[in-house]
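Please look over the sequence and the model before reading on.

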Amino acid sequence: MGNNGSHPKITAQDKAILDMKNQRDKLRQYQKKITILTDRETEIARECLRTGDKRKALLALRKKKYQQSLLEQTDAQLAQLETLTADVEFALVQKDVLFGLQQGTSVLKQINKEMGGLEKVEQLMADNEEAREYQREVSDMLVGQMSNADEDDVEDELAALEKEMGVGKKEEVSLPGIEGLVDPMPDAPKETPKQRAERRQRDREAEEGEPIAA
């Protein structure tokens with residue numbers, strides 16, 4: 001007699017779990033590769049600050065933040081999908097899971113575009129025509145892709161690097177014999193968080209409107 005044993009049926013839930021696992025495995029691979037790129041982007045920001053090129057330093061940090069945000073977004077989404085696929089009432093959330101997996105695939109494609117290798121990253125600080133064209137492409141791509149909170153994080157990181165490197169600090173020069181003759185200058189008023197956010201927004205708009213030098 002023939003073998004009448006039946007193969008277990010693969011359910012929609014089984015397929016969703018497999019798709020999610022594949023996405024998570026791919027994300028882990030991307031995380032390792034992008035860490036190499038973002039570490040170099042931080043170093044490029046430092047090198048640009050040393051040469052006084054704050055624009056390129058900021059661009060390198062913005063690209064780094066964009067890449068990190070893509071990874072965090074996908075990781076959080078997959079964690080949520082993992083909870084949904086384990087739901088005993090999977091049929092009720094199946095549409096949400098499938099939509100989430102489609103979004104995950106789309107974001108993973110975006111992340112894959114960032115896998116250009118260190119050669120591309122080096123163009124963030126180069127000064128030839130090809131590099132300037134790449135810098136313009138990156139700058140244009142980032143417009144509208146990052147939240148104000150992300151932009152503020154980048155500004156904070158840039159300020160921290162400047163402080164760490166002592167960039168922009170002026171040495172205090174004391175002249176002999178004049179101590180006590182003049183009153184010390186009052187401290188400049190500190191910015192409120194709202195004022196800082198408004199100033200940074202104005203700076204970003206000015207940066208976006210100013211073309212990269214040819």
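Does Glu151 count as buried or exposed? The model behind the answer is a predicted one.

## Glu151

Glu151 counts as buried, because its relative accessibility is 6% and the cut-off for buried is under 20%. Glu151 is found in helix α6, which covers residues 148–165.

The side chain of Arg62 makes a polar contact with the side chain of Glu151, at 2.8 Å. Lys65 is 86 residues away from Glu151 along the chain, yet the C-alpha atoms of the two are separated by 8.4 Å.

## The protein as a whole

The protein has 7 helices and 0 strands. Of its 214 residues, 32% count as buried.

Contacts can also be sorted by how far apart the partners are in sequence. Taking contacts between residues at least 6 apart, 80% of them join residues at least 24 apart.

## Arg40

Arg40 and Glu122 are 82 residues apart along the chain, and their C-alpha atoms are separated by 8.4 Å.

Which residues is Arg40 in contact with, leaving aside neighbours within four places in sequence? They are Glu47, Leu118, Val121, Glu122 and Met125. Helix α4 spans residues 118–122, and Glu122 is one of the residues that Arg40 contacts.

## The second largest pocket

Rolling a probe the size of a water molecule over the atoms shows where empty space is left. The second largest pocket has a volume of about 160 Å³. Its lining is made up of 12 residues, and those nearest its centre are Lys63, Lys113, Glu114, Tyr134 and Val138. By type, the lining divides into 5 nonpolar, 2 polar and 5 charged residues.

Helices α4 and α5 each supply at least two residues of this lining. The most comes from α5, which gives 4 residues; α5 spans residues 129–142.

Methods
Residues numbered from 1 in each chain as written. Predicted model: local features only at pLDDT ≥ 70, side-chain atom pairs only at ≥ 80, totals over all residues. Heavy atoms only, no water. Contact = heavy atoms within 4.5 Å. 1 Å grid on protein atoms, 1.4 Å probe; cavity = no way out; pocket = protein on both sides within 12 Å on 5 of 7 lines; lining within 4 Å. Points joined across faces, edges and corners; volume = space filled by probe spheres on them. Nonpolar A, V, L, I, M, F, W, Y, C, P; charged D, E, K, R; others polar. Buried < 20%, exposed > 50% of the residue type's maximum accessible area, 1.4 Å probe, protein only. Polar contact = N/O pair within 3.5 Å; in protein donor to acceptor, adjacent residues only side chain to side chain.
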